[in-house]
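Me: Please show me the structure, and then let me ask about its parts one at a time.

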Amino acid sequence: MQRPEQDAAWKALAAHRRAWSRLHLRALFAQDPARFQRYSLRLDDLLLDYSKNLISDETLRLLIQLAQACGVEQARAAMFQGEHLNCTEDRAVLHTALRAPADTKLSVDGQDVSADVQRVLARMSAFVEAVHSGRWRGYSDRPITDIVNIGIGGSDLGPAMVCQALAPYARPGLTAHFVSNVDPTHLSEVLARVDPQSTLFVVASKTFTTQETLANARAARDWLIQHARDEAAVARHFVAVSTHREAVTAFGIDPAQMFEFWDWVGGRYSLWSAIGLPIALYLGMERFRELLAGGHDMDRHFLTAPLERNMPVILALLGVWYIEFWDAHAHAVLPYDQRLARLPAYLQQLDMESNGKSVTRDGRRVRHGTGPILFGEPGTNGQHAFYQLIHQGTRLIPCDFLVAAQSHNPIADQHEILIANCLAQSEALMRGKTLAEARAELKAQGLSRAEIARLAPHRVFAGNRPSNTLLYRRLDPRTLGRIIALYEHKVFVQGVIWDINSFDQWGVELGKQLARVILPELKGQVAVGGHDASTVGLIEHCRALREAG
């Protein structure tokens, strides 16, 4: 495949970028009253406003040409058809099948994927009903009141984010907890808040060998047995989301309570699968299916909308535009919705683990930028933290604002204050403030000419800082499903354009391998050796501190 930077559209975009040194968004909005209408898209009540971007019709035309030249449409079709797009692991990439309607027919490598998905959903539904009805009880015959998910990465971030986001829809009498960090503090703090007689643990690990997850799961099992004084209690308080029946059984979990998923479900795309069991338990199966339906809504939009009217494609192309031609290294996701506090962390894994690559699909070194550093915090908290850098710093940092028109918790006019802040921030980033405007403000305050000259430069905002805004009626399961799938497909499109494999994550493996070597050395079971001087020194000093303590 030709390198993307060698394509004519890429070269035309580089030339087109130079014209922007003479343009400012403030002037473009003044010249074009219809700019918002032309550069916004809707999917039911979900609105994407991308008019505050450094684009013109010509920019979009060239970006669409680039997408077509890089084979975005063909790759999109291949993904939905179950082709093995994950080239380094020879796997299909078919998380979209997890949220497809029941009557969808799809096979991968001769296996009826649709039937498998519906079978597991039916088993999840039956288990959720058993817990909610009280038929499933703990060792002392008490109903379940707390769900503790033990996983890490995609087995934690997705379910944790969704459960927090959709807490207004939670099943009364149930509380969801999430343990991921191998730091024993994480598990200890959760166990201190739950009762062993009414707690259900969901252990999520595809292979049932993930070090952090198994360490936490074993500790939780020991805690339960200590209280129940009977190992048989494990079967009443632990279920597994895995594919390794033997390991699950050896742990003490009834294999009938193992919920499977498949190789074509990547970890960071897995909340739609049985990995979403804690979501279904916490919200109910009906709400979980609404989440799936929202994901499918965006799938259909992504698959059928023309590129120039396609939400994921537009977001992806804007990201490519800034990373490759504006030297933007970061991207901020700014949800003005406290329930979405975990969304930036979830998207960090989705984006940075998927597209944090430096070789092409055929193993050549990339000669262009790839995934950005993604960060964010809920508004208005972020305004009092890092927004200063976005407004007046020396780096261009594109932003996504997310906000609901309606709140689940209306108190006085606080939600209106929240929305006003969200819209004001995007306007301020776009407009900026000129030196003349800063001087006029200070003059109106009665300051002297000398004070105005001294202070005015500090009040100048360059503006011309790009942002997107996602506005929706209310954060409900279907809306959240659409938003998650929107970002999934955005990441996919960017990976296609950059000619990288968005579906492996070999970069996390080396540290795991070295940790297995260091662990026995840290425990004093073997001699320290084979490391650099820094690592040796740190191991030995840590051992000395532990022994002294």
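Predicted model: local features only at pLDDT ≥ 70, side-chain atom pairs only at ≥ 80, totals over all residues.

Reply: Residues are numbered from 1 along each chain as its sequence is written, and side-chain values use heavy atoms, with hydrogens and water left out.

Me: Are α15 and α20 roughly parallel or roughly perpendicular?
Reply: Helices (H or I, at least four residues) and strands (E, at least two) are DSSP runs, numbered from the N terminus. Helix α15 covers residues 343–355 and helix α20 residues 477–498, and the two pack at about 15° with their axes 10 Å apart; axes are lines fitted to C-alpha atoms, for helices over the stretch in contact, and angles run from 0 to 180 degrees between N-to-C directions. Angles under 35 degrees count as roughly parallel, over 145 as roughly antiparallel, 65 to 115 as roughly perpendicular and the rest as oblique. The pair α15 and α20 is therefore roughly parallel.

Me: How do α13 and α20 lie to each other, oblique or roughly parallel?
Reply: The axes of α13 and α20 come within 7 Å. They cross at roughly 40°, and α13 and α20 are therefore oblique.

Me: How many charged residues has the contact of α13 with α20?
Reply: Contact means heavy atoms within 4.5 Å. On the α13 side are residues including R287, E290 and D297, and on the α20 side residues including R478 and R482. Ala, Val, Leu, Ile, Met, Phe, Trp, Tyr, Cys and Pro count as nonpolar, Asp, Glu, Lys and Arg as charged, and the others, Gly among them, as polar. The contact has ten nonpolar and four polar residues, and the number of charged ones is six.

Me: How are α1 and α14 set, roughly parallel or roughly perpendicular?
Reply: W10, L13, A14, H16 and R17 of α1 meet W321, E324 and F325 of α14. The axes of α1 and α14 are 11 Å apart, at an angle of about 70°. The two helices, α1 and α14, are therefore roughly perpendicular.

Me: How many residues has the largest nonpolar core?
Reply: A nonpolar core is a set of buried Ala, Val, Leu, Ile, Met, Phe, Trp, Tyr and Cys residues joined through side-chain atoms within 4.5 Å. Those with the most contacts inside the largest core are M124, W264, L277, W321 and L480. A second, separate core, which includes V179, F208, L224 and F251, has 25 residues. The largest core has 129.

Me: Is D499 buried or exposed?
Reply: D499 is in the loop between α20 and α21 (509–522), and its phi is near 60°, a positive value in a residue other than glycine. Buried means under 20% relative accessible area, exposed over 50%, and partly exposed in between (1.4 Å probe, protein chains only). At a relative accessible area of 6%, D499 is buried.

Me: Is D44 buried or exposed?
Reply: D44 is in the loop between β1 (40–43) and β2 (46–49), with a positive phi near 55°. Its relative accessible area is 59%, so D44 is exposed.

Me: What is the omega of the peptide bond from G379 to T380?
Reply: T380 is in the loop between β11 (373–375) and α16 (387–392). Most peptide bonds are trans. The bond from G379 to T380 is cis, with omega near 10°.
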